[in-house]
Amino acid sequence: YAGILVKSDNKVLLCKRCSKCNLPNVWSIPSGHVEKGETAIDGARREFFEETDIKVNNVRLLGMFRSRTGKGLVYVYLHESKKKLIPDLENAKDGKEHTSCDYFSLDEIKIDETTPELYELIKKVLS
């Protein structure tokens, strides 16, 4: 799995997973399976585009953790932007995987509304 965390103006972009999706109603990052023959970074970029309709290129590896299924790792890349990137869930191919997206400072994120692994990476970025 791979995904991208966007940081802008000391806040991070999180998207709320749909109620019928994996991690239902959890604030997460646009992410998904890395396809066969694809690198983790390319998978992260592709998944981000498919879920937000936004292309990003300038990313760096932030961290990784074991997936909740125990089948592999989740690679999280960081994209820092001077302006806030606003996902277009309406027109994104897989925008339906999220019900909304917003930017959060560290004190606005409730640890029980995201995953502990992602929360630790967000703390690393915003501290």
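Author: We'll take disulfides, then some individual residues, then the pocket. Keep in mind that this is a predicted model.

Reader: Okay. How many disulfides are there?

Author: The count comes to two disulfides.

Reader: What is a disulfide, in plain words?

Author: A covalent bond between the sulfur atoms of two cysteines.

Reader: Which pattern do the disulfides follow?

Author: Counting the bonded cysteines along the chain, the pattern is 1-4, 2-3.

Reader: Start with Cys15. What does Cys15 form a disulfide with?

Author: Its partner is Cys101. The two sulfur atoms sit 2.3 Å apart. The link is right-handed, with 105 degrees about the S-S bond.

Reader: Is Cys15 buried or exposed?

Author: Buried. Cys15 has 0% relative accessibility, and buried means under 20%. Cys101 is at 23%, so Cys101 counts as partly exposed.

Reader: And Cys18? Which residue does Cys18 form a disulfide with?

Author: Cys21, with the sulfur atoms 2.0 Å apart. That link is right-handed too, at 95 degrees about the S-S bond. Both Cys18 and Cys21 are buried.

Reader: New topic. Where does Arg17 lie?

Author: In strand β2. Arg17 has a relative accessible area of 10%, so Arg17 counts as buried.

Reader: Which side chain makes a polar contact with the side chain of Arg17?

Author: That of Glu97, at 3.3 Å. The side chain of Arg17 also has a polar atom 3.0 Å from the backbone oxygen of Asn22.

Reader: What else is Arg17 in contact with, leaving aside neighbours within four places in sequence?

Author: The list includes Leu23, Pro24, Asn25, Val26, Ser28 and Glu51. His98 and Thr99 are also among them.

Reader: You mentioned Ser28. Where is Ser28 found?

Author: In strand β3, residues 27-28. Ser28 is buried, with a relative accessible area of 8%.

Reader: What is Ser28 in contact with, leaving aside neighbours within four places in sequence?

Author: Leu13, Leu14, Cys15, Arg17 and Leu118. Cys15 is the disulfide partner of Cys101.

Reader: Let's follow Leu14, then. Where is the place of Leu14?

Author: Leu14 is in strand β2. Leu14 is buried, at 1% relative accessibility.

Reader: Which residues is Leu14 in contact with, leaving aside neighbours within four places in sequence?

Author: Among them are Leu5, Trp27, Ser28 and Ile29. Cys101, Asp102 and Phe104 are on the list too, as are Leu118 and Ile122.

Reader: How many residues apart in sequence are Leu14 and Ser81?

Author: They are 67 residues apart in sequence. In space they are 14 Å apart, C-alpha to C-alpha.

Reader: What is phi of Leu23 near?

Author: Phi of Leu23 is near 55 degrees, a positive value. Leu23 is in the loop between β2 and β3. Leu23 is partly exposed, with a relative accessible area of 24%.

Reader: And Asn25? What is its phi?

Author: About 60 degrees, positive although Asn25 is not a glycine. Asn25 is in the loop between β2 and β3. Its relative accessible area is 42%, so Asn25 counts as partly exposed.

Reader: Last topic, the pocket. What volume does the largest pocket have?

Author: About 500 Å³.

Reader: How many residues line the largest pocket, and which lie nearest its centre?

Author: The lining has 22 residues. Tyr1, Asn22, Leu23, Ser31 and Val74 lie nearest the centre. Asn22 is the residue whose backbone oxygen lies 3.0 Å from a polar atom of the Arg17 side chain.

Reader: Which helices and strands each supply at least two residues of that lining?

Author: Two helices do, α1 (40-52) and α2 (116-126). The strands are β4 (31-32), β5 (60-66) and β6 (73-80).

Reader: What is the lining like by class?

Author: It has seven nonpolar, eight polar and seven charged residues.

Conventions
Residues numbered from 1 in each chain as written. Predicted model: local features only at pLDDT ≥ 70, side-chain atom pairs only at ≥ 80, totals over all residues. Heavy atoms only, no water. 1 Å grid on protein atoms, 1.4 Å probe; cavity = no way out; pocket = protein on both sides within 12 Å on 5 of 7 lines; lining within 4 Å. Points joined across faces, edges and corners; volume = space filled by probe spheres on them. Helix = DSSP H or I, 4+ residues; strand = E, 2+ residues; numbered from the N terminus. Nonpolar A, V, L, I, M, F, W, Y, C, P; charged D, E, K, R; others polar. Disulfide = S-S within 2.5 Å. Buried < 20%, exposed > 50% of the residue type's maximum accessible area, 1.4 Å probe, protein only. Polar contact = N/O pair within 3.5 Å; in protein donor to acceptor, adjacent residues only side chain to side chain. Contact = heavy atoms within 4.5 Å.
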